Each structure stands twice: as structure tokens, then as C-alpha cells.
Protein chains: 4
Amino acid sequence: MVKVGIVGGTGYTGVELLRLLANHPRARVEVITSRSEEGIPVADMFPNLRGHYDLAFTVPDVDRLAACDVVFFATPHGVAMSMAPELIERGVRIIDLGADFRIKDIELWEKWYNLEHTCPDLVQKAVYGLPEVNREAIREGQLIGCAGCYPTAVQLGFRPLLENGLIDHRRLIADCKSGVTGAGRGANVAMLQAESSESVKAYGIPGHRHLPEIKQGLSGMAGRPVGLTFAPHLMPMIRGIHATLYSVLKDPVAPDLQRLFEEFYRDEPFVDVMPAGSHPETRSVKGSNMCRISVHQPQGEDTLVVLSAIDNLVKGASGQAVQVMNIMFDLPETTGLEQVAMMP
Amino acid sequence: MVKVGIVGGTGYTGVELLRLLANHPRARVEVITSRSEEGIPVADMFPNLRGHYDLAFTVPDVDRLAACDVVFFATPHGVAMSMAPELIERGVRIIDLGADFRIKDIELWEKWYNLEHTCPDLVQKAVYGLPEVNREAIREGQLIGCAGCYPTAVQLGFRPLLENGLIDHRRLIADCKSGVTGAGRGANVAMLQAESSESVKAYGIPGHRHLPEIKQGLSGMAGRPVGLTFAPHLMPMIRGIHATLYSVLKDPVAPDLQRLFEEFYRDEPFVDVMPAGSHPETRSVKGSNMCRISVHQPQGEDTLVVLSAIDNLVKGASGQAVQVMNIMFDLPETTGLEQVAMMP
Amino acid sequence: MVKVGIVGGTGYTGVELLRLLANHPRARVEVITSRSEEGIPVADMFPNLRGHYDLAFTVPDVDRLAACDVVFFATPHGVAMSMAPELIERGVRIIDLGADFRIKDIELWEKWYNLEHTCPDLVQKAVYGLPEVNREAIREGQLIGCAGCYPTAVQLGFRPLLENGLIDHRRLIADCKSGVTGAGRGANVAMLQAESSESVKAYGIPGHRHLPEIKQGLSGMAGRPVGLTFAPHLMPMIRGIHATLYSVLKDPVAPDLQRLFEEFYRDEPFVDVMPAGSHPETRSVKGSNMCRISVHQPQGEDTLVVLSAIDNLVKGASGQAVQVMNIMFDLPETTGLEQVAMMP
Amino acid sequence: MVKVGIVGGTGYTGVELLRLLANHPRARVEVITSRSEEGIPVADMFPNLRGHYDLAFTVPDVDRLAACDVVFFATPHGVAMSMAPELIERGVRIIDLGADFRIKDIELWEKWYNLEHTCPDLVQKAVYGLPEVNREAIREGQLIGCAGCYPTAVQLGFRPLLENGLIDHRRLIADCKSGVTGAGRGANVAMLQAESSESVKAYGIPGHRHLPEIKQGLSGMAGRPVGLTFAPHLMPMIRGIHATLYSVLKDPVAPDLQRLFEEFYRDEPFVDVMPAGSHPETRSVKGSNMCRISVHQPQGEDTLVVLSAIDNLVKGASGQAVQVMNIMFDLPETTGLEQVAMMP
């Protein structure tokens, strides 16, 4: 049984970790921390957990966390880097759902997150937690910086094209649509139902923190720096990310893209290449760890359109973190992640 | 392994059965029927099932169904009664999610469903499928008419009061709120998102088919015919039923109702009596088989208010049917039903 | 042209006043105040107002407000009572959308609002702003405490029955459903879309601030203190209140209730008695000042069900305030309030 | 007073025409037709119209329509072309909200609509009803084929760039998001709230009927055939279209785009160029005829992003049709279209 600690369990990725781990047959949550909710049972804050957990929030304590096999950080950026060095030294493995260990270029990270990084050396040792790309490194890693939600949907969609050198890497466009849980559980007027429902808007068009993370990942796939326009949009729904990815074929005589995608992802348990002509709906992955993808070449022109759908809280966060944990602890990768998406 | 057949798998209770049974460790769906979708893989119609089922819809065939241990009917009323006699004769056990076998008074059934009942004798042998009330009879039953969605929420809420003789049985009020899946998956202008979302309405105030079913159940608990006003309302959400139940204390010096409810349901795996002062949210049971209940005596007056929340597709339909199946086949009652509700 | 001042224009009732007054042919907003947003154009905060207003928020200033003919308070309770005495003295007329001047029993008010009332004398002079009940007093009033949202829907629904002495006044039940704007525009985790959408819950069952206001109004209609159980529920939609009202006929031989309601409200421009058998939808009044009502006697029993639907921000707040203003300034009562509800 | 006839008043653009014309001071609806609803008062079908219209649906009759000054067709494609020739001959002016008269290339139209066009000569005389582009032709026109919803949002967004020759016309991308009313009011399982809410999907990526219409319009602006990838997406909301438009600057040293857009649309009553850095929300135009636009050059790269938001039922359909009528009848263009968007 893997002993699990969770730092920062009061946000949406925290409660989603608890939901997924409640029925995980090989892991058990031993500690969950929250400064503000000390002593409160998790099931008081999240009544869906009633009957599933007796656990209460405790103040973060390194000794208690160090007794775990793995510690998940479900915290805003800046928190994981403040606690990671001591835990790493004590041999604990860390899975950070936040952004502290995703970007290798420290200066770039500091610019986008407007914060000094306090353990740049650990960043270099950290493994980027996107299992489809980094499975082997994750297996051996002690510190994983899990891929973000938008970055997961975008990278999985572009990857077969970039790794096969089929598209112009200088002009990639990712038009992304996210449900409101992407904004977190903070009290925020803009995310009130009366404000965000029944409306659609873009945000962060001039620049968004996921841009450098995505560019880093795509550049790795392309073997050189890519050009990317990233346009996130807020959707009036709770969960889900839909990425609509545009790129231009280098050679107008393209290979059979459907077959290429299917073969590329044939062995991936959590990437589902849909039949030709499909349009994945985000609800088809709601609550599940699946990423569903389809590829189109509209009107036979040279602009390709890849559609990629995930649940931002599962494959885009907590499910991916559990998948990473399974890999790290040599468990079957799908353990505890076999939920069928809830539809309707 | 319990061999399962499903008749009518294209509606919401059908796909929900498939979702729940996909990970049931002791049951396997062998046959699923739909005249209109013959030959179509279930995962083509419901993409959330991709990777979980290879099964395709077949035309209903008694021989194939008779090879199953149990057949679920997830069909509109009238279908189950047309096939039940032959299956019963061949020894199959039947769990009807529809209304054909719920009401003992045939004349009453025929009046409300505007249809002649074709096997009234089977109705008398059928067991009403509300496990909290009828567990032992279900265990031995061959034909179960599962409780409806509204009836489940209302009966579980009123039951401790009625069985303890605490309230005036002549003036019960059930103000019920249901998500749109309660209306089924038929093409229907009134249920288009553009029509039903962002609005609330009552419907069926003059009379609704669940009225006689609820009255039958409550009358059984009270030991005499009850008077009930039942007011269903359509809620702009996908899943969930919230019943707000009003009744009048017979004796103004009431017992400790909180304690009474807690003790009454102490051993029930799927009834959760919330702490005093609570207001259960339907989202706290979304996707789970739980019924959450709280009891209030506002302002110390003699009108009681019981709040009861279920997921209409789980405890109100397919989850309850699986719970019934578990009981019938001597499996632990919670087998395959331990999902944590999805929140948010 | 009526010169209008608005105190507290950053909440939902404030922006709704601005929307309604933008096209009012006989009134013009001259001042709008907000301490926190001083200097910000209203159209920067509410982009729907772009092109309709040049106005910017200013710090509340009695001299500027006193230059108006009428001042609306769209503020939390406690604000209006702090500014009203000085404005009243300077001859300004006041329309308070909040709760400071609604309840005549000061002690009761102080208990429910947990605050000392600073101008109890003004409360006695204030007129309760429900035009259908108090039209003449409003016409002459200097200080109007507008009826709240739930109280408007409930009182208009029960009124024909109570004033005609048809129902048992001791056992009234109001099961009310409100959209999320009823909770205001404050940053509040419980009202995030990720929390409040796709779910239904009751709240305030033990006691809610609108209870004493409604009881006061209904008792006035009944000519004696009524007994009322008031159960508010939160609906996953932006706007709308639906009140489902239960009462018991005194005499089982009831008069023709449909006709009684139609005649009772025949001359009211903003009360629409729907045809017999109807179920008003809240969307049928979205954005309009109408209250739609229907009356039912289910199954011919003696429990009556009245359904009453309003837009909580219009007839339940800002539209009602404009209607009150029209009456006070001898304008046709429907001036500026003839919008057709937006449907779909 | 302009005498108005409406053919096909039972869909969403029909009821929206009725909503807008109810308070239009210079036009009155005299006839509204529907074969299926003959004799039914419009206010029975759409209760928001109660008190605003006495009108009932009648069977389409050329004589009655010919007595009108203008006839709106709010019908599926194919209907307007079947009735237009006779009405045109009798001197009636026609505003078609459908697609019959939008596309000049008959062969292209027939391919996309899979129908033979029965009056190709009228197509050549018809004026494309996008007032910002075609105001003078509309004024004189007898037959107007109003611009579609997606085409309006996309054309208004790209126009300042194309007419100024600033962008590469061969690689335009329009990623468009539409509310569910865009799919019409037909009974359709895919548009049930239980199916379309809480989810996002693309559709019609291989090809969508609005593609040729948009290309025709953009090509006119560019002065040569453009290349366009058009990707429509279904949003879980009732109203609104958000177009996210991508294009590549020809010259990396761009002019001041903000100023260029502001000057371009300075005199347009229904195009609002938002301040630099803005992200228009669809709710800011809900129920209004406004198109709000912002222009971005993310990260100073050469890919531009234009954001364009309209209400698909107003500026994308019925409001635009009323604007067209105002122009045709020499009324001030904003007559009856001054509604403030409903927000929240």
C-alpha cells in the first residue's frame, strides 16, 4: 500500500485526488494538510466524501509528510518549492500538480510567475510529468512536475504531427476552451455563476502562464523552438478542456493522418484516437482520465485541425498525478483510474 | 459472475447501467437490446464507453435473454410487461426500472398509464424494489419493480416519521425538484437546452404518474391511506432530485428527530443522515448511489421539513437496480456501487 | 425628467437599475455612487452599458444626492438607514431596494438583521413598496422600503386567497426557488459556478431574513397573524424566482379559483394570471417586470397550490423600484418597463 | 407605420423578431404564419409575449402577405425561395433571415445546401444583408438575404484588416463558438440539455454551410479569393457567438491596430471596438444588437487575434433583420434596437 500525503487539499485538484484515491486499491491517503482548515474532517468540507474518509486536515508538518511514500502538492505555485528540498532530502517522492517544477528555464519561469525560484537546482532534476512523453523518466524520478491542464491537451494533440516532422513548427495555434474549475476554488467575482455561466470569453490573449510550458514541450517534440499562439477561453461548464489545434502541413501530400495517429497512440491506455471524422465532446471524458483526439484536414486544404478533449481535473491534473504515481510505484498504470466518464 | 441482459439500452438509465456495470467485479453484461440501433456498438452511441465495452445492440430475442441470470428492463412502461411472462417462465430473474410492476392496484395503474395491463397476476407476485423497505423480499424475488426516482427520494425521507407515527398522515406535501434527465432521452422541444436551462417550472401539478406509486408506499408505512400533495418541478441541471417534504407533527412535543433519523438509518449503506442543520446538495450525490437526508423543525413550529437528495439516474434508477441485483444474488450490497460522487 | 441618484451601483440590483433606466423616457440617472470604484465609468465595470452611459461612480455625497428628485439605495442592509434621515430632511424621496425600512417591528428587524436600527421613527413613516398592495400610499410616500424578491412572489400568490378568507391562515407553506443572483455579487465560494451550477439545495430552512417580512405582509392580508413555513432553495440559473405555495381550503366547496384570481388581478399591469392548468416558467419573465401566476387544486383535494414566477432582479428588485418611482412621480406605471421577457 | 409580415414564426429567430418588434415604434406585425400552428395565438406558444401580442398564427397566404410593406422569412432554407418570386412581383420587400439569397454562386449554393435553387435570377438581384458592408445597397434593395450568425461575427472582425490589406488573405482561421439556439428549435436529441450542457465540442470541421458564405464575404473585402479554415463549436449556453480570428500580418511592422479598428468603426452604431487589451464576453451583448470587437497582437508576434462577440439571435439574425428594415424604410438605424444587453 502506497502511503500518500497531500499538501493543500481544499482546492479542486485536492478534492479530486481524494475522490480518485478513495477507491484506489494500492494507495491510501494518510495525511492531508491545510493551514486554514486544521482539524476539519475532509468530509465536512466536501460532503461527497462522507463515508469514504475519516481523515481531517492538519497543519503541514514535514515529519508527518516524510513518513509517506509520496507527497502530492495540490497547491498554488510557490508552495511546493518551499517544502520540496527538505522532503526530497528525506527520501520522499514528490508529485507537484502545480507549476513550480515544470519549466526548465528558471529565468523564464520567474518572469511568468513573477517570483524568485528558491530551488532552481531541483528544477533541473525534476521530471516533467506527462506520462505519454516521459514514462521512463517518471518511473525513476523522485520529483515530478506534472503537466498542466492546457499543456496536456495541447501537447498530446500536436505530438504525432511534430514528432513526425509533418507540420510547420513556426505557426502553431492552440485555441483552448476550459471549464470554470480551471480557475480554482478561490472566491472570485468573475467566477460566480451569475458572471461566468451563459457566456463565453477569451482571456489572457496577450500572454498566459501556460504558454512557456507548452512551448517548452512542443519544442522538445519538434527538436527546435516552435512558434505558438495560445488562446485560452472560459467555457460555461464545470469541467473539461477542449483544444482546437491548427497547423500547416509542410508537404501538401500528407500521409494517412488517421492511421498515423492511431498507430502513434496504439499502446497508450489514456489516449483514445477517435474514428475519422469524429468530434470529441468534453463530456465523453468527464470524470475519467482519458484524452480523446481526432484529426481533420478540412476541405483537403493544407491547414490541419486536431481536436483534443480531456477533463481538466483528471487527465489535466489529479488523474494524471495518480497515473504518475502508479508508474513511480510500478503499479499497473490504470490502477484506480478505470472510471467510466459520467455521461450524461 | 452474474450474466446480465439489458433490454432497452439507448436511454439514460440504460447507459447508466452500462457505466455502473462496467466496473462491477461480479457481473458482466452479455446482451443489450435495441430495435432501432441493431448492430451498433454501444460505444459508438455513448463514447464514454469506448474502451470499456465491445458489446453491440441486438434485436430483443427471448432465447438470448433467457441465457442470462438477470434481465434489466430500462424501457418505457409497457415493454417489460410484454416480455416478462416468457422470461419468468424460463426462470430468468427480472429487474424492471420502469413502472409496469410497481403498483399493486391494477385499475389504478391502468388509469394513470392509460394502458391495459397484460399480466396483472405477475404484478401481484412482483416485489417493489426499494431495498431499504423490502430487502428480504427482494432477496427471494424473481421479478422486481424498482422504485421510481421521485418515489425513492420521497419515501426514504418520510419513512422514519410515518413508521414512528409522528406526523399527520393526511396532509403530506412533497415538493420535488428533478434534473432534466428525468424526462428521458427522447427528442422533445421542451427539453432542449435552449428551453429548459436557465428556467424553473412546476409541471404535472394536477396529477403525475408517480403520485399513486408514492401514495402506495407511504400508505404502507403509515398503515393506512395517506393524503399527499405531490408537486414535481423541472430543474436546469442534468442530474439530481431534491425532495422537500412537509408534514405536521401530531404531538407538539416531538422526540429528538435528528437522533431518530440517525438510528433509523444507522445500518443502511446508501442512506446518509446529515448532521443537524444540514442542507444536502444534489451535487453531493452526483454519480453515486447515496441518498442524503436532513430533518428540520423550523422555528420550533409543528411543521417539519425533511430534505432528501439523490441522483435520479443512480439511486433513483440504475444504481438502485444494481443494488437490487446485488441483494438478489447474495453479493455484498455495495458491490460496484462505491463510487464517490463527482464534486465539483 | 426625474433626476435620479443611485447609491451602491456595483451590485446586481444596481446594474439592473441602470439597464432599466437607460431607456426610461422620463428619468435620467445623474449620480451613482460607490466608494470602492470612485472615478470608474459604470460602463467599464458593466460592459453591457457601453454606449448607454457616460456616468462614472462617485463617492457618496449628500449634496449631490440631495440635488436629485429621488435616490435609490441598491445597498446591503444598514446603508440606507445611515443616509436616509439627512436626505429625507432635505426633501429628497427615497426608494430603498434593501431591507432597512420594510419591517415595522423594530425589535424583530434588529433580531433578524443583528443590527441596531438607527432611525426607527423613519421606519414608521416608510411605505412598504409593493405597488399591488400599497399603490396609493406609495404615491404620497417620501420613503419607500421596496418589497424583497421572495416576499413579492409569495405575497402576490397568496393574496387573493387570504384577502378572500378562503384558506387556513395558520398553515401556509412557501417553497421558493431562486436563481443565484439572489445571493448578490459578492465574492463567495458557495456561489462560484463550479459550486452552485448543476446542483440544487435548500438553505436557511431553520430561518431566513425574508420570513418576518413575508409574515408581516401576509398577516396584513389575513387580518391576523399567519403561520408560515418558508423554505428557500438555490437554483442553478442566473435569474428568476419560482414560488410554490401550499395552503388548505377552509371550505371544501371552493369558489371558481381561476376566475377569482383573474378578476382580482384584472387591472394590474404587472400580474398575469395564466390560463387554468398552466405552469409559469421563470424564463417567461426573464428581464421583465411581470409576475405570472397560476392556481391549482390538485386531484380536487383541499390543498391548493399556487405557482408564482418573477425575475428576482426586476419585479423582485429594480423593476419594482422603477414601478414605484413611476407611481411616486405620477408617470404611467408601465413607463420604461415594457420590455418583453427574453425567451429563449 | 411599417406593416410587417413574418413567415415561419415558431422558431427562435421568429420569436426574437416578435420580441424586438413588440416595442418598435415605427413597425407593427400584421401577419405571422405557421402551417402547423394555425389559429394558435403567438402568446400561447411563447408566454413571454403575453400582453404584447393578440396575433395568432395563420397559414401562409400570399394575398395577406402582399398587403404588408415587408415580409421577413424566419424559415429554414428553401422556403423563402419558394415564395419570394410572387411577393417580389407584387412589390413587397423581403428580408430573408435564411440562406436562400446569400450566396451568389448558385452552383456552390446548391452543393452546400443539397437543393436545386428555384429562382437563381432573384439571387443576383438580392442584396447581402450586412449593413456595415452594404448599407447603401440595402436602402434600395427589394430583396435582402441577411448575413448569417457566424458570418456576421467573422466578417466584422476580419474586415478592417482585409480592407486595409494588412494580413495574408490565404491563411485565415475562424474558431467560432456558438450557443445552442444556433441549432434552431427542432426536436433533436443532440440539443437536449442533458446532451449539450456541461460539454463543449467542435462540429462540422470537415465542412459547414457557413463556410462558402464567409469566404464570399471575406473575398469581397480582400479583393481576391481568400483561404479560410472555419471551425464551429457548440457552447453550453443559450445565446451568443464568439469568434476568435487568427491571421498573419504581411508586414511585421504593423500600424496601430487599435486605432485602426476604432477609426474604421467610429460611425457604426452596432460595432463597438473595445479598449486595447479587452476580451469581449458574449453576455455583454446578450439580447442586444451590438457586436463587440477587440484586436490583439500576442507577444508582439506576427499572428493577430481578433475577438468578436454577438448575440446570434440579435445581431446574428433578428436584430440585424430589423436594422436592415430600418435602413430600407429610412428610419433611424437604431430604432427599436436600443435595448441594453441583459447582464447578468
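## How chain D meets its neighbours

Across the interface of chain D and chain B, two salt bridges are found. One salt bridge there joins the side chains of D:Arg185 and B:Glu195, with 3.3 Å from N to O. Please keep in mind as you read that this is a predicted model.

### Chain D and chain B

Let us stay with this pair for a moment. Chain D brings 20 residues to the contact, and chain B brings 20 residues as well. Polar contacts link twelve residue pairs between chain D and chain B, both residues of a pair being at pLDDT 80 or more. On the side of chain D that touches chain B, helix H9(D) gives the most, with four residues. By residue kind, that side of chain D divides into ten nonpolar, seven polar and three charged residues.

How are these two chains placed relative to each other? Chain D is superposed on chain B by a rotation of 180° with 0.0 Å of shift along its axis, and the RMSD is 0.0 Å. Of the interface residues of chain D, 100% are also interface residues in chain B, so the two copies meet through the same surface.

### Chain D and chain A

Now turn to the contact with chain A. A rotation of 180° also superposes chain D on chain A, with 0.0 Å of shift along the axis and an RMSD of 0.0 Å. That is the relation of a two-fold axis. Which residue of chain D has the C-alpha nearest the axis? The answer is D:Pro236, whose C-alpha is 3.1 Å from the axis.

Here, too, the copies meet through the same surface, because 100% of the interface residues of chain D are also interface residues in chain A. Chain D puts 44 residues into this contact and chain A puts in 44 residues.

Six salt bridges are found across the interface of chain D and chain A. D:Arg171 and A:Asp302 form a salt bridge, with their closest N and O atoms 3.0 Å apart.

Which parts of chain D face chain A? At least two residues each come from strand S7 (172-178), helix H9 (193-196), strand S8 (201-202), strand S9 (228-234), strand S10 (241-248) and strand S13 (303-310) of chain D. Strand S10(D) supplies the largest share of this side, four residues. The side of chain D that touches chain A divides into 21 nonpolar, twelve polar and eleven charged residues.

| Pair of chains | Area buried | Share from carbon and sulfur atoms |
|---|---|---|
| chain D and chain A | about 3,800 Å² | 56% |
| chain D and chain B | about 1,500 Å² | 59% |

### A salt bridge between chains A and C

Over all chains, the count of salt bridges comes to 92. A salt bridge of 3.3 Å, N to O, connects the side chains of A:Glu195 and C:Arg185. This pair crosses between chains: A:Glu195 sits in helix H9 (residues 193-196) of chain A, while C:Arg185 belongs to the loop between strand S7 (172-178) and helix H9 (193-196) of chain C.

### Some details of the backbone

A few places along the chains are worth a visit. A:Met343 and A:Pro344 are joined by a cis peptide bond, with omega about 5°. You can find A:Pro344 in the segment after helix H12 (314-328) of chain A. In chain C, a cis peptide bond joins C:Met343 and C:Pro344, and omega is about 10°. C:Pro344 is placed in the segment after helix H12 (314-328) of chain C.

A:Asn114 is found in the loop between helix H5 (106-113) and helix H6 (120-125) of chain A.

### An annotated region of chain A

An unreviewed UniProt entry carries the annotation "domain: Semialdehyde dehydrogenase NAD-binding" for residues 3-141 of chain A. In the model, that span is 40% helix and 17% strand, and its end C-alpha atoms lie 17 Å apart.

Definitions and conventions
Residues are numbered from 1 along each chain as its sequence is written. Chains are lettered from A and ligands numbered from 1 in the order in which they are written. This is a predicted model: local features need pLDDT of at least 70, side-chain atom pairs count only at pLDDT 80 or more; totals for chains, interfaces and linings use all residues. Side-chain values use heavy atoms; hydrogens and water are left out. Copies are superposed by least squares on the C-alpha atoms of residues with pLDDT of at least 70 in both. Contact means heavy atoms within 4.5 Å. Buried area is the accessible area (1.4 Å probe) that two parts lose on being put together, summed over both. A salt bridge is a side-chain nitrogen of Lys or Arg within 4 Å of a carboxyl oxygen of Asp or Glu. Ala, Val, Leu, Ile, Met, Phe, Trp, Tyr, Cys and Pro count as nonpolar, Asp, Glu, Lys and Arg as charged, and the others, Gly among them, as polar. UniProt positions are given in the numbering used here, feature names are shortened, and annotations may be inferred rather than shown by experiment. A polar contact is a pair of N or O atoms within 3.5 Å; within protein, one must be able to donate a hydrogen and the other to accept it, and residues adjacent in sequence count only if both atoms are side-chain atoms.
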